[in-house]
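The following questions and answers examine one protein model. Please consult the sequence and coordinates alongside the text.

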Amino acid sequence: MQSIIRIGSRESRLAVRQAEIVKEAVESSCPGVKAEIVTMKTKGDRILDQSLELIGGKGLFVKELEKALLEGSIDISVHSLKDMPMEVPEDLPIVAYGEREDPRDVLVYKPGHTSVREGGVIGTSSRRRTIQLKKLYPSCVFRGIRGNVQTRLRRLEEEAFDGTVLAAAGLRRLHMEAVIGRVFSVEEVVPAAGQGILAVQGRKGEDYSWLAAYDCKKSRAEAEAERAFTAALGGGCTSPIAAHAQMAGTELQLTGLYYAGEDTYWTQTKTGDAGKAREIGLALAEEMRRR
Ligand SMILES: NCc1[nH]cc(CCC(=O)O)c1CC(=O)O
């Protein structure tokens with residue numbers, strides 16, 4: 001095994017922090033192995049003035065890193081699983097899943113405030129978050145706010161936003177829990193497939209046994225159920241599909257959110273054998289589509 005591992009990452013603070021989490025895990029479980037982080041700017045990071053859905057979707061955050069993996073300039077790359085397209089190239093599979101951080105969405109208030117005023121403006125570019133928050137804040141207006149965590153918090157402070165929705169996981173990894181105003185339960189706001197899970201992408205056929213200690217079987221099962229559901233309903237790009245799985249013992253419970261158009265949606269839960277995570281995802285998608 002080579003003793004210097006190169007970990008590819010996007011340049012944002014959150015992305016680098018996530019790569020560091022994997023670096024620390026690998027270095028501590030494999031004595032003698034050192035890792036270095038190689039950062040690159042992706043198209044998704046460069047184009048901030050347009051909706052992701054319009055410029056090409058989630059793939060924009062991973063393409064540059066996939067090219068580097070294929071060329072061999074990095075050995076693995078670390079991503080938020082939530083940002084990975086449902087179809088991963090066959091030669092660049094996900095080779096490990098991190099233990100899940102807090103999967104919930106949170107609301108951050110404008111500095112100095114403890115609520116969102118009646119008729120206030122909530123910043124989010126996510127249709128998944130918008131349709132669910134409209135029920136909780138029926139008087140509010142929802143406006144797009146792209147950019148990484150730091151950019152969004154700055155815009156919340158400087159622009160006409162009363163609150164913004166972020167993933168708890170990102171804030172916790174950055175040790176920024178202090179900005180959290182309200183935490184939404186996974187029933188109030190069903191998270192995106194993979195939210196809170198880190199995905200390590202690698203090259204097919206390569207020996208990644210040094211990641212075995214990092215790989216989390218529970219995250220893998222939950223991710224497979226959530227991503228199978230989302231992929232089956234054509235999500236991941238423009239439709240606001242949500243899915244959240246929880247594995248306990250040998251059981252896995254999956255809640256899916258099905259979007260029927262014009263802000264109409266419903267949720268449904270299915271439980272089954274955790275060893276059949278993908279099948280649960282596909283079956284729930286089928287049941288919800290037929291309803
Ligand atoms: N789209 C950006 C993104 N991708 C993953 C996370 C959070 C970390 C995670 O879900 O693991 C975030 C930030 C956010 O939604 O607030």
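Q: Which radius of gyration does the protein have, beside that of a compact globule with 291 residues?
A: The radius of gyration is taken over C-alpha atoms, and the globule rule is 2.2 Å times the number of residues to the power 0.38. This is a predicted model, in which local features need pLDDT of at least 70, side-chain atom pairs count only at pLDDT 80 or more, and totals for chains, interfaces and linings use all residues. Residues are numbered from 1 along each chain as its sequence is written. For 291 residues the rule gives a radius near 19 Å, and the protein agrees with 19 Å.

Q: What share of the contacts in the protein with a separation of 6 or more comes from residues 24 or more positions apart?
A: Two residues are in contact if their C-beta atoms, placed from the backbone, lie within 7 Å. Among contacts with a separation of 6 or more, residues 24 or more positions apart account for 70%.

Q: Which domain assignment does the protein have?
A: The bounds come from an automatic or database domain assignment. The C-alpha centres of domain 1 and domain 2 lie 27 Å apart. Their contact takes eleven residues from domain 1 and twelve residues from domain 2. The assignment gives domain 1 (1-98 + 194-215), domain 2 (105-183) and domain 3 (216-291).

Q: Which helix gives the most to the side of domain 1 that touches domain 2?
A: Helices (H or I, at least four residues) and strands (E, at least two) are DSSP runs, numbered from the N terminus. The residues of this side of domain 1 divide into four nonpolar, five polar and two charged; Ala, Val, Leu, Ile, Met, Phe, Trp, Tyr, Cys and Pro count as nonpolar, Asp, Glu, Lys and Arg as charged, and the others, Gly among them, as polar. With five residues, the leading contributor is helix α1 (residues 13-29).

Q: Is H79 buried or exposed?
A: H79 is placed in strand β3 (residues 76-80). Neighbours within four places in sequence aside, H79 is in contact with V62, M84, A199 and Q201. A residue is buried if 20 or more other C-beta atoms lie within 10 Å of its own, exposed if 12 or fewer, and partly exposed in between. Because 24 other C-beta atoms lie within 10 Å, H79 is buried.

Q: Which residues touch the most other members of the largest nonpolar core?
A: A nonpolar core is a set of buried Ala, Val, Leu, Ile, Met, Phe, Trp, Tyr and Cys residues joined through C-beta atoms within 7 Å. The largest one has 70 residues, and those that touch the most other members are V22, A225 and F229.

Q: Where is D263, a residue with positive phi that is not a glycine?
A: The phi of D263 is about 65°. D263 is partly exposed, because 13 other C-beta atoms lie within 10 Å. D263 lies in the loop between β12 (251-261) and β13 (264-273).
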